[in-house]
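Please look through the model below before reading my notes.

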Amino acid sequence: MLNIQISQLAQKIIDGYELTYEDALKLSQIKEAALEDLLFCADRIRKYFKGNSIHLCSIINAKSGRCSEDCRFCAQSGHYHTQVKEYPLLEEEKLLEGAEAANAAGASCYGIVTSGRTIWGNGELERICLAIRQLREKGEITPSASLGELTPQMAKKLKEAGLVRYHHNLETSERIFPRICTTHSYQDRLATIRLAKSYGFEVCCGGIFGLGEEMEDRLQFAFTLRELGVNSAPLNFLVPIPDTPLEHQPPLNPREILQTIALFRFILPQQDIKVCGGREKHLRDLQSCFCRRQRHSDR
Ligand code: SF4
């Protein structure tokens, strides 16, 4: 694809066009020399739809380790002997202290995150709902939760407590998923996201790259996120965890990471795209790449 065609495609998106899979495939096959133009055009789209404001969110690891699931990248899985700290659900007071700290640091959204396929028993959901209720009463920060698989009963209680946003990652493409996790299915994950949407929650749903997937998997994954109508897409880049099955997975090339982020912006022009885990380690100085391009374009 020529540079002029990349630019025309970006303009079409700004004018309301939805990128097709074929368009995305062509963009993913551009020559190395055209990468700067792809980043520049992704940044134009970002600037048009999202402006120059940054949305900061913060999470608390509210329950850690001993997860029954076998996601091959995850330190929290009880299937592997990692060095992760294990502890049960934090007390309500700690959940609220975490929100105070997040608010003081400038975050606008606070996610309560628990390890495990879902939460169950011991009043866990009730404790989380109490914390959410108090956060809504204070009104300082938007509460979000990432509690694994959602049931209609859980969704109803969370909604009544005032939860605004539910986070549940799809992680990767449907094709790759069975190689990454065998204890639950892609369909299970899709069902939770659809359920969260049906209860009116904003949905934060993304995944992780560097699992051995092809570029086509990433595109399919992005198109699935678009189909689902997620509000926000957190993108993570594998930092291999010792003693997990992916501990020796080779790192992604930083330019490939930038290209992936740019392609997601072309496919998801209006969503919040959050560059999350692995950003510092893999991108280092290139983290400022999009901003630097923007400053050039502003001149
Ligand atoms: S379900 Fe979540 S916490 Fe459990 S192993 Fe998978 S990614 Fe980790």
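1. Start with a term. Two residues are in contact when heavy atoms of theirs lie within 4.5 Å. By that rule, Gly 111 touches Ser 58, Ile 59, Ile 60 and Ser 144, leaving out residues up to four places away in sequence. Keep in mind that this is a predicted model.

2. Stay with Gly 111. Gly 111 is part of strand S2, residues 109-114. Is Gly 111 buried or exposed? Its relative accessible area is 7%. Buried means under 20%, so Gly 111 counts as buried. Now find Ser 58. In sequence, 53 residues separate Gly 111 from Ser 58, yet their C-alpha atoms are 6.2 Å apart in space.

3. Next, turn to helices H5 and H6. H5 covers residues 124-138 and H6 covers residues 152-161. Their axes come within 8 Å and cross at roughly 25°. Angles under 35 degrees count as roughly parallel, so H5 and H6 are roughly parallel to each other. The crossing of H5 past H6 is right-handed.

4. Which residues make the contact between H5 and H6? From H5 come Leu 125, Glu 126, Ile 128, Cys 129, Ile 132, Arg 133 and Arg 136. From H6 come Met 154, Lys 157, Leu 158, Glu 160 and Ala 161. Sorted by class, this contact has 7 nonpolar and 5 charged residues, and no polar ones.

5. Pick out Leu 158. Neighbours within four places in sequence aside, Leu 158 is in contact with Leu 125, Ile 128, Cys 129 and Ile 132, among others. Its contacts also include Leu 147, Leu 150, Leu 163, Tyr 166 and Phe 201.

6. Leu 158 also belongs to the largest nonpolar core, which has 86 residues. Leu 158 is among the residues with the most contacts inside this core, together with Leu 147, Tyr 166, Leu 170, Leu 225, Phe 264 and Phe 266. Which helix gives the most to this core? Helix H10, residues 254-267, does, with 8 residues.

7. Finally, compare H10 with H3, residues 35-50. The axes of H3 and H10 come within 9 Å and cross at roughly 40°. That angle makes H3 oblique to H10. H3 passes H10 in a left-handed crossing.

8. Check who meets whom here. H3 brings Leu 35, Leu 38, Leu 39, Cys 41, Ala 42, Ile 45, Arg 46 and Lys 50. H10 brings Arg 255, Leu 258, Gln 259, Ala 262, Arg 265 and Phe 266. By class, the contact of H3 with H10 holds 9 nonpolar residues, 1 polar and 4 charged.

Notes:
Residues numbered from 1 in each chain as written. Predicted model: local features only at pLDDT ≥ 70, side-chain atom pairs only at ≥ 80, totals over all residues. Heavy atoms only, no water. Axes fitted to C-alpha atoms, helices over the stretch in contact; angles between N-to-C directions. Helix = DSSP H or I, 4+ residues; strand = E, 2+ residues; numbered from the N terminus. Parallel < 35°, antiparallel > 145°, perpendicular 65-115°, else oblique. Left-handed = near helix turned anticlockwise from the far one by under 90°. Nonpolar A, V, L, I, M, F, W, Y, C, P; charged D, E, K, R; others polar. Core = buried A, V, L, I, M, F, W, Y, C linked by side-chain atoms within 4.5 Å. Buried < 20%, exposed > 50% of the residue type's maximum accessible area, 1.4 Å probe, protein only.
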